[in-house]
Amino acid sequence: MRLAGFAEESIVDGPGVRIVVFFQGCIHHCPFCQNPTTWPFDAGTEIDISQLDPVLEKNKDTTSGITLSGGDPFCNLDDAILVARLAKEKYHLNVICFTGFTFEEILEKAKKDMRYLVLLSYIDSLVDGRFIMALRSIEINNRGSRNQRCIDVKRSLEMSRIVLDEKMMDMSFYEDDERELF
């Protein structure tokens, strides 16, 4: 797999202390992105999943979970699935994922490629949507711009509508978000 890198202890990539995996490659190219060096698919470092296993093992008892970031994990489906599956099945870690795709776009893509749903099945909270500088705010939790949502993936899929993850975000901005998905 090709990664831009990883952090064993981050306090800025979700709640608590988290392990963060930064995937290499993104198609969104959001203006003012905080990680533009992660855009090229041919940059970064090639590693094997076995190199991440000891990092998860060492930190499993002191971390709040793992965050998949990038680049965009949904532009790196096979590798993101490997990492999320390892974190969830072997170490029982909470998995947060940041993506420039909206939840609705991911579900649309899943109609043609089930790997999108496989990756979603390992994710607890999804922070979706492209970063938009005009909507940037430092007053919101775990997001860069107000269009982005923290979504409880399991409940959203079960209820066929967006269910926001109240633990991940300040609810005041999205109190009326009850969109139907299907």
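Predicted model: local features only at pLDDT ≥ 70, side-chain atom pairs only at ≥ 80, totals over all residues.
Student: At what angle do helix H2 and helix H4 pack?
Tutor: Helices (H or I, at least four residues) and strands (E, at least two) are DSSP runs numbered from the N terminus, and here H2 covers residues 77–90 and H4 residues 115–122. Axes are lines fitted to C-alpha atoms, for helices over the stretch in contact, with angles from 0 to 180 degrees between N-to-C directions. The axes of H2 and H4 are 9 Å apart, and the helices pack at an angle of about 30 degrees.

Student: Is the arrangement of H2 and H4 roughly parallel or roughly antiparallel?
Tutor: Angles under 35 degrees count as roughly parallel, over 145 as roughly antiparallel, 65 to 115 as roughly perpendicular and the rest as oblique. H2 and H4 pack at about 30 degrees, which makes H2, relative to H4, roughly parallel.

Student: How many residues of the contact of H2 with H4 are charged?
Tutor: Contact means heavy atoms within 4.5 Å, and among the residues that meet are Leu77, Ile81 and Lys88 in H2 and Arg115, Tyr116 and Leu119 in H4. Ala, Val, Leu, Ile, Met, Phe, Trp, Tyr, Cys and Pro count as nonpolar, Asp, Glu, Lys and Arg as charged, and the others, Gly among them, as polar. On that scheme the residues of this contact divide into eight nonpolar, no polar and, as the number asked for, five charged.

Student: Is the crossing of H1 and H2 left-handed or right-handed?
Tutor: H1 and H2 pack at an angle of about 35 degrees, with their axes 11 Å apart, and the contact includes Ile49, Leu52 and Leu56 of H1 together with Leu82, Val83 and Leu86 of H2. A crossing is left-handed if the near helix is turned anticlockwise from the far one by less than a right angle, and right-handed if clockwise. The crossing of H2 and H4 is left-handed, whereas that of H1 and H2 is right-handed.

Student: Which residue forms a salt bridge with lysine 58?
Tutor: A salt bridge is a side-chain nitrogen of Lys or Arg within 4 Å of a carboxyl oxygen of Asp or Glu, and by this rule the count comes to 11. For lysine 58, the closest N and O atoms of the pair are 2.8 Å apart, and the partner is glutamate 8.

Student: How many residues apart in sequence are the parts that this pair ties together?
Tutor: Lysine 58 lies in helix H1 (residues 49–59), whereas glutamate 8 lies in strand E1 (residues 2–10). The pair therefore ties together parts whose separation in sequence is 50 residues.

Student: Is lysine 58 buried or exposed?
Tutor: Buried means under 20% relative accessible area, exposed over 50%, and partly exposed in between (1.4 Å probe, protein chains only). Glutamate 8, at 28%, is partly exposed, whereas lysine 58 has a relative accessibility of 57% and so counts as exposed.

Student: Which residue forms a salt bridge with lysine 88?
Tutor: Lysine 88 lies in helix H2, and its partner lies in the loop between H4 and E6, so the pair ties together parts that are 36 residues apart in sequence. The closest N and O atoms are 2.6 Å apart, and the partner is aspartate 124.

Student: What relative accessible area does serine 125 have?
Tutor: Serine 125 is found in strand E6 (residues 125–128). Not counting residues up to four places away in sequence, serine 125 touches Val95, Ile96, Cys97, Ile151, Val153, Asp165 and Met168. Serine 125 is buried, because its relative accessible area is 3%.

Student: What phi does phenylalanine 32 have?
Tutor: Phenylalanine 32 lies in the loop between E2 and E3, and at 60% relative accessibility it counts as exposed. Although it is not a glycine, phenylalanine 32 has a positive phi of about 70 degrees.

Note on methods
Residues numbered from 1 in each chain as written. Heavy atoms only, no water.
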